[in-house]
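I opened my notebook to record what I looked up in this chain. I kept each entry brief.

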Amino acid sequence: MAGEASFDVVSDFDEQELRNALDQVRREVQQRYDFKGVGVELTQAKDELVLVTDDEFRARAVRELIESKAVRRNLSLKIFDWGK
């Protein structure tokens, strides 16, 4: 019976939706009061996102924004592998 069941693991995601989510995050960071005067740089490469902020608190806040925007656009949070 186990030989008859199979599944495929698909790791593809809609890159355009991710780009749109990141654009929304950038706009929201520019408008939020708690980010006034703070440097936040969010860049997207082929296989990675680079987030540079002034402190860990703001890095966590931007991470939460990215995750919430991704979920709204039906992107799985499993596509993110957060590092240092």
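**Entry 1: the outline**

I counted first: the chain has 2 helices and 2 strands. From the N terminus on, I read their order as α-β-β-α. I took helices (H or I, at least four residues) and strands (E, at least two) from DSSP runs, numbered from the N terminus.

I noted that this is a predicted model, where local features need pLDDT of at least 70 and side-chain atom pairs count only at pLDDT 80 or more, while totals for chains, interfaces and linings use all residues. Residues are numbered from 1 along each chain as its sequence is written, and side-chain values use heavy atoms, with hydrogens and water left out.

**Entry 2: what is buried**

I wrote down the cut-offs: buried means under 20% relative accessible area, exposed means over 50%, and partly exposed lies in between (1.4 Å probe, protein chains only). Of the 84 residues of the chain, 24% count as buried.

I looked up Ala-21 in helix α1. Ala-21 counts as buried because its relative accessible area is 2%. Along the chain, Ala-21 and Leu-75 are 54 residues apart, yet their C-alpha atoms are separated by 9.5 Å.

I went on to helix α2, residues 56–72, which holds Ile-66. Is Ile-66 buried or exposed? Ile-66 is buried, with a relative accessible area of 2%. From Ile-66 to Gln-24 I found 42 residues in sequence and 8.7 Å in space, C-alpha to C-alpha.

**Entry 3: a strand residue**

I picked Val-52 in strand β2, residues 49–52. Val-52 has a relative accessibility of 42%, so it counts as partly exposed. Val-52 and Gly-39 are 13 residues apart in sequence, and their C-alpha atoms are 7.8 Å apart in space.

**Entry 4: salt bridges**

I reminded myself that side chains of opposite charge can pair when their charged atoms come close. A salt bridge here is a side-chain nitrogen of Lys or Arg within 4 Å of a carboxyl oxygen of Asp or Glu. How many salt bridges does the structure hold? It holds 7 salt bridges.

I checked Arg-63 and Glu-67, whose closest N and O atoms are 3.3 Å apart in a salt bridge. Why are these two separated by about one helical turn? They are 4 residues apart in helix α2, and that is why the separation is about one turn. Arg-63 is partly exposed, at 34% relative accessibility. I also noted a network: salt bridges that share partners join Glu-28, Arg-32, Asp-34 and Lys-69.

Asp-34 pairs with Arg-32, and their closest N and O atoms are 2.7 Å apart. Asp-34 is partly exposed at 29% relative accessibility. Arg-32 is partly exposed too, at 25%.

Asp-55 has a relative accessible area of 31%, so it is partly exposed.

**Entry 5: a charged patch**

I searched the surface for like charges. Which residues form a negative surface patch? They are Asp-12, Asp-14, Glu-15, Asp-47 and Glu-48. Patch residues have over 30% relative accessible area and no salt bridge; like charges are joined within 9 Å, and nonpolar side chains (Val, Leu, Ile, Met, Phe, Trp, Tyr) within 5 Å. Lys and Arg count as positive and Asp and Glu as negative, while His and the chain ends are not counted. I took the place of a charge as NZ of Lys, CZ of Arg, CG of Asp or CD of Glu.

I located Glu-15 in helix α1, residues 15–31. Glu-15 is partly exposed because its relative accessible area is 35%.

**Entry 6: aromatic rings**

I searched the whole structure and found 1 aromatic pair. The rings of Phe-80 and Trp-82 are stacked because their centres are 5.3 Å apart and their planes are at 20 degrees. The rule: rings of Phe, Tyr and Trp (its six-membered ring) pair if their centres lie within 6.5 Å; planes under 30 degrees apart are stacked, over 60 edge-to-face, and the rest tilted. Phe-80 is buried at 12% relative accessibility, whereas Trp-82 is partly exposed at 30%.

I ended with Asn-74, in the segment after α2. Asn-74 is not a glycine, yet its phi is positive, about 60 degrees. Asn-74 counts as exposed, at 72% relative accessibility.

How values were computed. Areas by Shrake-Rupley, 256 points an atom, 1.4 Å probe, with all protein chains shown as cover.
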